[in-house]
Amino acid sequence: MIRLEELIKYFKKYNLDSRIKTFSSSSATVELAAKALNCNPENIAKTLSFDVNNNTILIVTSGDMKIDNAKFKNKFNVKPKMLKLEDVEEKTGYPVGGVCPFNLKNNICVFLDTSLKRFEKIYPACGTPNSAILLSIEELEKYSNYTEWIDVCKKKS
């Protein structure tokens with residue numbers, strides 16, 4: 001498991017470690033994170049983990065969005081299949097509620113959903129179910145080492 005301390009070191013290299021926020025309560029869901037950060041749910045960048053042809057991928061999207069099955073299938077040629085809860089930490093290095101696209105140890109492709117482009121800054125998790133970091137979209141691109149921008153989400157109803 002990748003611990004918060006490793007992410008602090010990772011972001012310290014870029015003088016961004018002071019932006020990491022930790023909370024005494026859980027921020028494991030979009031709603032809890034928005035409450036802890038005193039922001040709107042759409043400003044939370046949630047990282048979803050999927051199995052695509054036996055490869056783990058991460059999709060980072062806005063907190064007010066959900067996967068659109070048809071768009072996902074069109075992009076990846078398979079139905080969306082999220083990782084099983086018990087497999088998330090082993091495959092991503094992060095626990096459920098703390099999955100983030102940073103400092104990944106495995107060869108995991110990170111995709112950024114276009115829903116994030118409407119914001120200047122967002123809050124992705126930072127490796128634990130009670131942490132987050134404030135980043136600009138450009139910083140998210142840079143530090144996530146993303147593969148590409150994709151459009152595979154739709155507004156939650």
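The questions and answers below look at the cores and strands of a predicted model. Local features need pLDDT of at least 70 and side-chain atom pairs count only at pLDDT 80 or more, while totals for chains, interfaces and linings use all residues. Residues are numbered from 1 along each chain as its sequence is written, and side-chain values use heavy atoms, with hydrogens and water left out.

Q: What makes a set of residues a nonpolar core, and which residues have the most contacts inside the largest one?
A: A nonpolar core is a set of buried Ala, Val, Leu, Ile, Met, Phe, Trp, Tyr and Cys residues joined through side-chain atoms within 4.5 Å, where buried means under 20% relative accessible area (exposed is over 50%, partly exposed in between; 1.4 Å probe, protein chains only). The largest such core has 28 residues, and Leu7, Phe11, Phe102 and Leu116 have the most contacts inside it.

Q: Why is β3 called largely enclosed?
A: Seven of the eight residues of β3 are buried, so this strand is largely enclosed by the rest of the structure. Strands (E, at least two residues) and helices (H or I, at least four) are DSSP runs, numbered from the N terminus.

Q: How do you know that β2 and β3 pair?
A: Two strands pair if DSSP finds at least two bridges between them; eight bridges join β2 (residues 44-52) to β3, so they meet this definition, and they run antiparallel. Ser49 has Leu58 in β3 as its bridge partner.

Q: What makes β3 and β5 a pair, and in which sense do they run?
A: β3 and β5 pair over four bridges, in the parallel sense, and Val60 stands opposite Leu112 in β5.
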